[in-house]
Amino acid sequence: MNPVQSQFDYMKKEYGIDALINGESVRVLVEEIEDFNSSDMKSIFMDIGLASQGDCITIDGVVWMLYQQDETPRKVYDKFIMKRVYHSTNFIIDEELYTTFSLFSVGSQSVNENKYISVVDGKLQVIIKENEQTKKIQVNDRIIKFQSAWQVIAVTNESKGIVNVFAEKVATSEDDDIENEIPEGLPVWNIALSLEAIELSTEDTYQLTPTVTKNEEVVSDGFIVEYTSSDDSVCMVNSDGNITAIAEGNCTITASIEGHSDVFDTIDIVVAEVAEDVIEVKIEPNVVEILKTQTQVYEVYKYLNDSVENDTFTYSLSGAESAYYEFENIDGNSFSVTSLGYSYTKLLVTCTSDVDGAVGSIEIQLKNMF
């Protein structure tokens, strides 16, 4: 093994510290810069290829930017000058809020942890990492920093991985969010559901149709609506906003715009168990005695949950000898019985649905005149 590599590995193990780079924990060496008395600038050594100039690194909760990569005599490790990061900056890029760690300088004076500064000549330099988003920063873009508005007057990237943004102080706008350091130009989104609450039965479905506005104008594209359920065991909702009721209970469905978690609307849902269908065959009128020579006409209906269904019936007779009555099948929904009055006996008429087999019956007493 390369003796320099062995020495570097030993130094990392014995004297190194843990750092977080691009989401990964790594071992690095940090040392003060000779003849430079500043707690905000140090040298850092790490294995080759772990980071690039412009990346940010976190050590013991403190963020540093790899501001400058130095040449090393042997290609065993990477060496950077890192500067402590005290600030982040909000840019409006592609109509979206983009926040990035930033170094600031005013003339030759570096801006440290002080929130409010006296800006010399009203000029500001913002140093940020170069990436696909920061490459889109343009002249005349605006930022809010140190309780002031700034307009970009130049953008350079002479240093690999670093973008230098130069800005001058301008008047603030009534649409600038000074407190949260968000410049004007961020679109105002809103989403609204048509109902505040609904009731469903288990296995029911319901389609949400949100209305989305951008700067108070209804839009149909350029956004993605995300849906979430507060309780998937009660209601589930898919990516298209279709709700399925699962079980009895209460839940809330939230519709929000992707990338704008603070823009949302909700609908409260009460789910009840599905009531079992009540099927009843009724024979009307409920005349249960027929005197000799009298004829009674009956009509038969099937009710589903108290509503009449379209159905016909097949009739069967029992309990009395046919000599004691006359039965006429008028149609599938009506029949008649005539008592011949020869005996005091009972006739049972059973009506069976031709659709689903539901059954109803009536017991008729056949009587003499007295």
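In which loop does asparagine 305 lie? Asparagine 305 is found in the loop between β26 and β27 (307–309). This report describes that residue together with the wider fold of the protein.

## Basis of the description

The structure is a predicted model, in which local features need pLDDT of at least 70 and side-chain atom pairs count only at pLDDT 80 or more, while totals for chains, interfaces and linings use all residues. Residues are numbered from 1 along each chain as its sequence is written, and side-chain values use heavy atoms, with hydrogens and water left out.

## Overall form

The protein contains one helix and 32 strands. These elements are DSSP runs numbered from the N terminus: helices are H or I with at least four residues, and strands are E with at least two. The C-alpha trace spans about 130 × 60 × 25 Å along its principal axes. The radius of gyration of the protein is 42 Å, whereas a compact globule of 370 residues would have a value near 21 Å. This radius is taken over C-alpha atoms, and the globule rule is 2.2 Å times the number of residues to the power 0.38. Of the 370 residues, 38% are buried. Here, buried means under 20% relative accessible area, exposed means over 50%, and partly exposed lies in between, with a 1.4 Å probe and protein chains only.

## The barrel and a pocket

Six strands form a closed barrel in the order β1-β2-β3-β6-β5-β4, with antiparallel pairing. On average, neighbouring strands of this sheet are turned by 45° against each other, direction ignored. Such angles run from 0 to 180 degrees between N-to-C directions, and the axes are lines fitted to C-alpha atoms, for helices over the stretch in contact. Two strands count as paired if DSSP finds at least two bridges between them.

Rolling a probe the size of a water molecule over the atoms shows where empty space is left. A pocket is an open set of points on a 1 Å grid over the protein atoms alone, where a 1.4 Å probe fits and protein lies on both sides within 12 Å along at least five of seven lines; its lining residues have an atom within 4 Å of a point. The second largest pocket has a volume of about 220 Å³. Of its 13 lining residues, the closest to its centre are Phe8, Met11, Leu29, Phe45 and Tyr77. The elements that give two or more residues to this lining are α1 (3–15) and β2 (24–32), and α1 gives the most, with five residues. A volume is the space filled by probe spheres set on the grid points, which are joined across faces, edges and corners. The lining divides into nine nonpolar, two polar and two charged residues. In this grouping, Ala, Val, Leu, Ile, Met, Phe, Trp, Tyr, Cys and Pro are nonpolar, Asp, Glu, Lys and Arg are charged, and the others, Gly among them, are polar.

## Strand pairs

| Strands | Sense | Bridges |
|---|---|---|
| β5 (residues 62–70) and β6 (residues 77–84) | antiparallel | six |
| β15 (residues 197–201) and β23 (residues 260–272) | parallel | five |
| β22 (residues 249–257) and β23 | antiparallel | nine |
| β20 and β21 (residues 242–245) | antiparallel | three |
| β29 (residues 325–331) and β30 (residues 334–339) | antiparallel | six |

Strand β23 pairs with both β15 and β22. Isoleucine 198 has isoleucine 269 in β23 as its bridge partner, and glycine 249 stands opposite valine 271 in β23. The hairpin of β22 and β23 has two residues between the strands, and glycine 259 takes a positive phi near 85° there.

An open sheet of three strands has the order β16-β21-β20, with antiparallel pairing. Its edge strands, β16 (205–207) and β20 (235–237), each pair on one side only. Neighbouring strands of this sheet are turned by 20° against each other on average, direction ignored. Methionine 236 has threonine 244 in β21 as its bridge partner.

A hairpin with two residues between its strands is formed by β29 and β30. Serine 336 in β30 is the bridge partner of glutamate 328.

## Backbone details in the loops

The peptide bond from glutamate 284 to proline 285 is cis, with omega near -5°. Proline 285 is placed in the loop between β24 (279–284) and β25 (289–291).

Threonine 293, in the loop between β25 and β26 (295–304), has a positive phi of about 75° although it is not a glycine. Threonine 293 counts as exposed because its relative accessibility is 61%. Asparagine 305, also a residue other than glycine, has a positive phi near 50°. With a relative accessible area of 37%, asparagine 305 is partly exposed.
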